[in-house]
Amino acid sequence: MTVALALLSSLTDSIDIHPMNKFWSHCLSQFEKELPAQQFITWIKPLIAQQVGPASLTVVAPNRFVLQWVRDKFFSRIQTLADEHFCT
């Protein structure tokens, strides 16, 4: 069973699926640069981003353990990347 983690909401009222896909690709690229390969492969690569509204992205983790780890270790970095991506 997958567990959804709502990471981003209310970014703007006009974001459509293309900017959100571009944003998630940017996140993956940044994490791949910033993390050791094993951490990236273990914690970030298994995540699946899903558009759930015009201004909301849900990241799906493969299990509750990964969900909690990502929430604890990477949530603030994802928020920072969203601020940089959508506010510039």
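## Contacts along the chain

In this predicted model, 71% of the contacts in the protein chain between residues at least 6 apart in sequence join residues at least 24 apart.

## Burial and surface

The protein chain has 88 residues, and 36% of them count as buried.

## The nonpolar core

The largest nonpolar core contains 21 residues. Phe 23, Trp 24, Phe 31, Ile 44, Leu 47 and Phe 74 are the residues with the most contacts inside it. At least two residues of this core come from each of helix H1 (17-34), helix H2 (37-44), strand E3 (56-61) and helix H3 (64-86). The biggest contribution is that of H3, which provides eight residues.

Leu 47, one of the residues with the most contacts inside the core, can be followed through its partners. Setting aside neighbours within four places in sequence, Leu 47 is in contact with Trp 24, Val 59, Val 60, Ala 61, Val 66 and Val 70. Of these partners, Trp 24 is likewise listed among the residues with the most contacts inside the core.

## Helix H3

Asn 63 caps the N-terminal end of H3. One of its side-chain oxygens lies 3.0 Å from the backbone nitrogen of Phe 65. Within the helix, the buried residues are Val 66, Leu 67, Val 70, Phe 74, Ile 78, Leu 81, Ala 82 and Phe 86.

H3 is not straight: a kink of about 60 degrees is centred on Phe 74. The end-to-end distance can be set against that of a straight helix of 23 residues, which would span 33 Å at 1.5 Å a residue. Between its end C-alpha atoms, H3 spans only 29 Å. Phe 74, where the kink is centred, is also a buried residue of H3 and is among those with the most contacts inside the largest nonpolar core.

Gln 30 is part of helix H1. Its relative accessible area is 18%, so Gln 30 counts as buried, the cut-off being under 20%. Apart from neighbours within four places in sequence, Gln 30 is in contact with Arg 77 and Leu 81. Leu 81 is itself one of the buried residues of H3.

Technical notes:
Residues numbered from 1 in each chain as written. Predicted model: local features only at pLDDT ≥ 70, side-chain atom pairs only at ≥ 80, totals over all residues. Heavy atoms only, no water. Buried < 20%, exposed > 50% of the residue type's maximum accessible area, 1.4 Å probe, protein only. Contact = heavy atoms within 4.5 Å. Core = buried A, V, L, I, M, F, W, Y, C linked by side-chain atoms within 4.5 Å. Helix = DSSP H or I, 4+ residues; strand = E, 2+ residues; numbered from the N terminus. Expected span 1.5 Å × (residues − 1). Bend = angle between axes of the 7 residues up to and from the residue. Polar contact = N/O pair within 3.5 Å; in protein donor to acceptor, adjacent residues only side chain to side chain.
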